[in-house]
Amino acid sequence: MYLNCKTYFSFRYGTFGTEALVTAGVEAGATAMALTNINNTCDAWDFYTFCLEARIKPVLGAEIRNGDALCYLLLARDAGGFMAINRFLSLHLQSGTPFPERPELPDPVWIVYPLGKYLPQALSAQELIGVRPSEVNRLYDQQTGRWPDKYVVRQPVTFQDKTGYNLHRLLRAVHHNILLSRQQPEQIASREECFLPLSSILQAFSAYPALITNTLKVLDQCEIGMELHTDKNKKCFTGGMADDRLLLEKLVLDGMRFRYGNLPKALDRVHKELRIIDELGFNSYFLIAWDIIRYARSRGFFYVGRGSGANSIAAYCLQITDVDPIELDLYFERFLNPYRTSPPDFDIDFSWKDRDEVIDYVFKRHGKEHVALLGMYSTFQRSAIIRELGKVYGLPKAEIDSLVSQPEARLQEDRFQRQIARYGKLLENFPNYLSIHPGGMLISEKPIYAYTALELPPKGFATSQIDMFLAEKVGLYKLDLLSQRGLGHIRDSITLVSQNKGIHIDIHDVEQFKKDPRLAARIRDADTIGCFYIESPAMRQLLQKLRCQDYLTLVAASSIIRPGVAQSGMMRQYIFRFHHPDQFEYLHPKLGQLLKETFGVMVYQEDVIKVAHYFAGLDLGEADILRRAMSGKYRSNNRFLQIRDHYFESCRKLGYPEAVTAEIWRQMESFAGYSFSKAHSASFAVESYQSLYLKTYHPVEFMVSVINNFGGFYSTELYFHELKRAGAKVLPPCVNRGNYLTSVRGKEVYTGLIHVLGLEQALAEKVLAERDLEGPFLHLQDFLERCELPPEQVNILIRCGALRFTGKNKKELLWEANFLQKKQGAGMAAHARLFREPPLEFKLPELALHDQDDALDEIELLGFPLCDVWQLIDLDTSPYLTSGELQSHLHQRVRTIGYYVTSKQVRTVKGETMCFGTFLDKTGNWLDTVHFPDSFHRQPLRGRGFYVLEGKVVEEFGVYSLEVDHCTMAGIRGR
């Protein structure tokens, strides 16, 4: 009877969670249910699983709508029907064409129209008419007796109860971006769209028993059998599995000789890996990854391979990764073990400029029928909920902004705020819309439509409606092709160094980088701004605390900076033990054997597996499940709880003290969602060294590349500051010598026009194209005649300094440009291009400029000044300490002054908000601050500007910072 059930994956429409829908169906007496979400099959496989667990027959389908108008239901009679529905959805969703009023679909699909759309005699064998219990009185003239096989019962299910109905109305108002009071009846479901008890439905149709019989018959004919959690990835790379095995063996052995020569230890591990890879059926997975790398290398694309696959010597020999598992003693069982059912993770990073071409290659290489980007779901969270419901209830924008900006504010001021609080809590974590996974791709053996429909986001590549969790439930395991700006920094730096200095860099000579004393000193001093993964304030402080100066320590630092290790208190323990290896005791002697390299601290995912397996006695399969659960690979907490219980039970049998068992579990649990594999950390460290090399030996070109890739941790302003520290002469934009992106000539750097706020990209590119075609501009009049720009765009270029080649100051240029553009009038420019006239000469009174005028213009048009920002402070800075002087004032209360760079808010154990601040002192060096809750709430940091900071100097492992108890902003001259 329940042929038309929806969950909250009918985005901004349904209010049931998938499992909650099935539970409610059981309570209503359902023995079969059909999931028909609006224009999608997102959660079909979760629904399928929950129904089987509840011993209800699952029927999969979709409700087809054009806008608010219901067209029909589609119900799959078998797996082929479900594939046809997904293919049908994909065709129209990707092309953006409306769904047809009467679709043409193969026989294994039931098509159910709403009552009154078509007469029964006009329908084909697969077409039906659905009748709602509230529509029974309309059947008296339908001649149901003549067409008993054309009518079925259709009880729509959209929400749970009155509260669910109200939430549904709010979601529809959000979808239509209207006030709740302006909602129209056709935009919402009827109040009856909930689970009517089966007895009530049977009573409603008591006069039409044939409808009940036909409905049961239709449901009985729907049967989808799917074996979940079995590998559905592409089975063969070549013509067959035997050929795959032979090809992989040849490629790996060839690569081994290139990487190791004839090292016996390497050969033994290669044979062991190849055997397990073949036994588990993962040959094609490795070959597909190798083929992608082969293509990228042929195109000259820079890449980094990481993930658990980087633990593999096979991946190293195939040049998928550059992490040597023998050198790092990487734990093989983290990569593969006989218990593992899913392929290892390969995360392959490409420059953001190159990745789309690689993705396009994968689609063409394996066929669009078998490839999709992986989808994910954007969910409603606090800020979005307040903004969306605030608009629906008609709250003023200022009030909405105020509520959003106060995370701890309680919504109790009036009835509208109370309504937002009430329904907002229900709305939390509801899926809002389909998005794209950052890098996941699916490559299937069968057509991808067997498992999911596909959409076509603005990115331009077909994207699955299922997310990572549902894909893994089906048996589709993603391959991650990720976009990373850090690789763009490296790639562009190499190009700029070649252009500016004529030097060719072998950026893969990482072994030499690891031995370079200049790089070691730079890491130890944490002079790492712009360098991948090691530039953030927290990482900078960690490097200083560790006095890190070698590759292996950097590998460890890349992992212990993760929140799980840091928040558990083990990061501090690691630093202490690193410096004092003889001044601590292992929690248990076995940990000394397992974790000697990391001083008894679990740093990597491998450490969790080792402890779970060798200490607690879990088998490798269970240990891997624990690792995946802790890495956020499962949505459900059930598996995690089961393994936890088994862990404690096993430790009791082994006779470990309860306190030791509990503490080790606490440390493992702290990894949840945040841990790295050692290979992953090592891959990051390799890229960090490559960035460090470029920053050390080619700092100007490197920092220009960081600026042009827009992907670092900090604001563009800070990278321009670093550029000046590197010895560059930073100049404003210039239409004659600059470009759209920031450019370098020798030591001179011209700020790119891309940074000029309000300057239209098309017009900027037009100016540069004119210059490149006809030569540099001679004077202002020549520029105006050749480019024909609107006056406001000319004024922006003048004020940002882009026309200073004329030798005139801004005020003169603004006056002359205004006069010339008025004089030109319509049609003058074309005449001027044919007959170039000498520039007009103007005699103007002296138009004086003040020292800070350029800086203030730059702050307005670039967002920051190009000069030394400390020239602008309206305060005598001499009485204030620098960060270098804090060391001699330990535990004393001092006053200093800093220019704001960034800050990070965190929660204390009591749930209060505090903050860590990062500033530049008056000498341009780092100044780190701590703002505890009392100070933070009294005087919060308000973004960019100068701050007078007062508080106590504190120290940890040789790193000094200021615990601020009082801070005020200082002014800028001229403002």
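In which sense do strand 5 and strand 6 pair, and over how many bridges? Please set the answer in the context of the surrounding elements.

Mentor: In this predicted model, strand 5 (residues 109-114) and strand 6 (residues 127-131) pair in the parallel sense, over four bridges. Within that pair, isoleucine 111 stands opposite glutamate 127 of strand 6. In general, the strands of a sheet pair through backbone hydrogen bonds, in either a parallel or an antiparallel manner.

The two strands belong to an open sheet of eight strands, whose order is 7-6-5-4-3-2-1-8 and whose pairing is mixed. The edges are formed by strand 7 (151-153) and strand 8 (156-157); each has a single partner strand, so one side of each is left without a neighbour in the sheet.

Two helices may be described against this sheet. Helix 1 packs on the sheet and touches strand 1 (2-5), strand 2 (32-38) and strand 8. The direction of helix 1 makes about 140° with that of strand 2. Helix 6 (residues 209-220) lies across strand 1, strand 2, strand 3 (57-66), strand 5, strand 6 and strand 7.

Helix 1 (residues 18-28) and helix 2 (residues 44-53) pack at an angle of about 35°, their axes being 9 Å apart, and their crossing is right-handed. On the side of helix 1, Thr18, Glu19, Leu21 and Val22 take part in the contact, and they meet Asp46, Phe47, Phe50 and Cys51 of helix 2. The largest cavity has a volume of about 120 Å³, and of the 13 residues that line it, the closest to its centre are Asn233, Lys234, Tyr285, Ile288 and Ile443. Helix 9 (283-298) and strand 12 (431-443) are the elements that give two or more residues to this lining, and helix 9 supplies the largest share, three residues.

Methods
Residues are numbered from 1 along each chain as its sequence is written. This is a predicted model: local features need pLDDT of at least 70, side-chain atom pairs count only at pLDDT 80 or more; totals for chains, interfaces and linings use all residues. Side-chain values use heavy atoms; hydrogens and water are left out. Axes are lines fitted to C-alpha atoms, for helices over the stretch in contact, and angles run from 0 to 180 degrees between N-to-C directions. A crossing is left-handed if the near helix is turned anticlockwise from the far one by less than a right angle, and right-handed if clockwise. Contact means heavy atoms within 4.5 Å. Two strands pair if DSSP finds at least two bridges between them. On a 1 Å grid over the protein atoms alone, a cavity is a set of points where a 1.4 Å probe fits but cannot get out, and a pocket is an open set with protein on both sides within 12 Å along at least five of seven lines; lining residues have an atom within 4 Å of a point. Grid points are joined across faces, edges and corners, and a volume is the space filled by probe spheres set on the points.
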